[in-house]
Amino acid sequence: MKLKTTSRSSIVLKLAFCASLFLVATVSSQADERGKQLYKNCIACHGAEAEGNKAFKAPALAALSEKYLVAQLTKYKEGHRGMDVRDVAGLQMAPMTQTLSGPEDIAAVAKYIASLESTPKEATLDGDPEKGKTAYATCAACHGADAAGNDLLNSPSLLHQYDWYTLAQLKNFKEGIRGTHPSDITGSQMRPMAMLLADEQAMKDIVAYIQTLSN
Amino acid sequence: MLEKLVPRGSTYAADIDLLFDVITYLVGFWFILVFGFFLYCLFRFRRKAGVKAQYITGETHKQKMAIEVPHYLILGCDVVILIMTFFVWHKVKIDMPTPDEEVRIVAQQWAWSFYHAGQDGILGTEDDIATVNELHIKAGTQYKFHLEATDVMHSFSVPIFRLKQDAIPGRIIYGHFNALDTVIGEWDIQCAEMCGYMHGGMGARLFVETPEQHAEWIAANTPDHLKTASIAATTTQESKEDAKNG
Ligand SMILES: [Cu+2]
């Protein structure tokens, strides 16, 4: 009798375990579906594979980590990024976050984007990768020698990104268009780094070097 | 009629509302009359056993009058609307009262940038205060706005002002408003011209402030190194006003 009870309860336990697995799987696949659905609002500019589009100044997103995507989407939604009158592209991105109703939506869409496959992007600027390599040593501290980024330091991957976008962001950081909002902590960490770069050519050199890491 | 839904917040809001009422009541009167007559005829002259339908060509003088009299009456109503429209249009869009303050408004996909003149009251100087999706104005002050668009057409719509002005890329369009002190507070601004994907999300906030509140806001948004020049700026503004009065 006692034995029977044990086996019965173990069956119940097993069933409960299976059910909970099933539940977790359903819930997470629902979140995946939600992410895919939400991403439809992004396709117009960022493309179906999150490959970006220069015509809309839209960066590639596929190589970015889930954590970084969540952080940036949250900044846009809370007005910590894309709220400078000079930031034409950022001002365009900021209202798009209205299509995400809260942290769950942001997490879902970030998860979906991060699951997409990224591809290397062609170089379009006339930077000198050799000069850029030396200067990149400073960036490597956070972004890694391979430029793959580091979630623990909140630094994004720089790989498989358009050179014009990386250049534009370096300029934004330097000119105080990005990373100046009091609540943008990680942005304010990047800002002094961008200020180390003397001129546009220095930025182009670094970007050209980062571009070589993608291939 | 409209003020029950959205308060009147500008010096010309009442004129727009009056015009709106006149059009609504005149058109409404004819609408009800015509449909009433139409329905009356439908029932009064419906098919009856033993009565043959008549074919009326509408050629006799009396028959023509049935068309012409209401026609001229409606034309008369049109003329009333037209004359009123002319005066209201002139007041809102053509006339440009001497401004006390100026503000530059730039529309882009999908945000509004506002350039406030700052403490010196002169637009285009170093102490201008630029904001995104927030317009701060002083009640009871005549404003002139410079409206621009950077990409596609937008429309600057302020419901409490009864103001709606298209913004067209490549052009600077001027207009004016003067907020009443009965609407101190926070109000809506909305893009009213389809401008792309996030047109529906292209809203902004209008802050109508008392002169004290507005001065406070300017002080809070002026960097310290520019504040020292305030006395000099006030003096030049006073001399400018003296010149204007003289
Ligand atoms: Cu618009």
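Me: In which loop of chain B is the place of B:Arg162?
Reply: This is a predicted model, in which local features need pLDDT of at least 70, side-chain atom pairs count only at pLDDT 80 or more, and totals for chains, interfaces and linings use all residues. Residues are numbered from 1 along each chain as its sequence is written, chains are lettered from A and ligands numbered from 1 in the order in which they are written, and side-chain values use heavy atoms, with hydrogens and water left out. With helices (H or I, at least four residues) and strands (E, at least two) taken as DSSP runs numbered from the N terminus, B:Arg162 falls in the loop between β6 (154-158) and β7 (163-167) of chain B.

Me: What is the phi of B:Arg162, and is this residue buried or exposed?
Reply: Most residues other than glycine have a negative phi, and most peptide bonds are trans. B:Arg162, although not a glycine, has a positive phi of about 60°. Buried means under 20% relative accessible area and exposed over 50%, with partly exposed in between (1.4 Å probe, protein chains only); at a relative accessible area of 13%, B:Arg162 is therefore buried.

Me: With which side chain does that of B:Arg162 meet in a salt bridge?
Reply: A salt bridge is a side-chain nitrogen of Lys or Arg within 4 Å of a carboxyl oxygen of Asp or Glu. The count between domain 1 of chain B and domain 2 of chain B is one salt bridge, where the domain assignment, automatic or from a database, gives domain 1 as 2-94 and domain 2 as 101-241. At 2.6 Å, N to O, the side chain of B:Arg162 meets that of B:Asp17.

Me: How much area do domain 1 and domain 2 of chain B bury between them?
Reply: Buried area is the accessible area (1.4 Å probe) that two parts lose on being put together, summed over both. Counting contact as heavy atoms within 4.5 Å, 15 residues of domain 1 of chain B are in contact with 15 residues of domain 2 of chain B. With 53% of it on carbon and sulfur atoms, the area buried between these two domains is about 1,200 Å².

Me: Where does the largest nonpolar core lie, and which residues have the most contacts inside it?
Reply: A nonpolar core is a set of buried Ala, Val, Leu, Ile, Met, Phe, Trp, Tyr and Cys residues joined through side-chain atoms within 4.5 Å. The largest one has 36 residues, and because domain 1 (2-94) and domain 2 (101-241) of chain B both give residues to this core, it lies between them. The residues with the most contacts inside this core are B:Trp112, B:Phe156 and B:Phe177.

Me: Which residues supply 45% of the area that chain A buries against chain B?
Reply: The contact between the chains takes 13 residues from chain A and 13 residues from chain B, and the two chains bury about 1,100 Å² between them, 66% of it on carbon and sulfur atoms. Supplying more than any other three residues of chain A, those that account for 45% are A:Val85, A:Leu91 and A:Gln92.
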